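Please look over the sequence and the structure shown here before reading the notes below.

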Amino acid sequence: MEFVLLAVPVVFLVGSILLAYKAVKSGAKRKTAVFTQIASFCIVGLVCLIIPMTVSAADTTAVVDSTANGLGMLAAALATGISGIGGGIAVAGAAPAAIGATSEDPKAFGKSLIFVALGEGVALYGLLVSILILNKF
């Protein structure tokens, strides 16, 4: 049974890479290949969450504890990762605008720096939320 737990995600990931390669090779748009990769990632994520829960369903207390710990770790990782991506997107938009505004008017440096710091604050808030989640366990 352990072999199945290890083989299923690997098969899905290798299959998705082959499907994406075949789609790009046949002349399909890259958007199709990216969609294939995202869909396969979601399938692998669901399989990696569902199979361990169903396999160890005999011992309910261990399942509840391990599921709670696992989902808590997943929530902390998602809080950090998604807030980091959001902060990166915010800084990627604010920093060039701040540099452009500062080059035109040096007095605008302080005002533009606030917007860059707000974008970085999003990532810090996500990190703080993940620390609070991890402290629950």
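This is a predicted model: local features need pLDDT of at least 70, side-chain atom pairs count only at pLDDT 80 or more; totals for chains, interfaces and linings use all residues.

Residues are numbered from 1 along each chain as its sequence is written, and side-chain values use heavy atoms, with hydrogens and water left out.

**The chain as a whole**

- The chain holds four helices and zero strands, where helices (H or I, at least four residues) and strands (E, at least two) are DSSP runs numbered from the N terminus, and the pattern read along the sequence is α-α-α-α.
- Of the 137 residues of the chain, 19% count as buried, a term that means under 20% relative accessible area, with exposed meaning over 50% and partly exposed in between (1.4 Å probe, protein chains only).
- Among contacts (heavy atoms within 4.5 Å) with a separation of 6 or more, 65% are accounted for by residues 24 or more positions apart.

**Helix α4**

- Helix α4 covers residues 109-134, and its 26 residues should span 38 Å at 1.5 Å a residue, which agrees with the 38 Å between its end C-alpha atoms; the expected span is 1.5 Å times one less than the number of residues.
- The buried residues of α4 are Ser112, Val116, Gly119, Gly121, Gly126 and Ser130.

**Ser112**

- Ser112 is found in helix α4 and counts as buried because its relative accessible area is 10%.
- A polar atom of the Ser112 side chain lies 3.0 Å from the backbone oxygen of Ala108, and the side chain of Ser112 also reaches the backbone oxygen of Phe109 at 3.0 Å; a polar contact is a pair of N or O atoms within 3.5 Å, and within protein one must be able to donate a hydrogen and the other to accept it, while residues adjacent in sequence count only if both atoms are side-chain atoms.
- Leaving aside residues up to four places away in sequence, Ser112 touches Ala98 and Thr102.

**Gly126**

- Gly126, which is also found in helix α4, is buried because its relative accessible area is 7%.
- Gly126 and Ile82 are 44 residues apart in sequence, yet their C-alpha atoms are 7.8 Å apart in space.
- Not counting residues up to four places away in sequence, Gly126 touches Ala79, Thr80 and Ser83.
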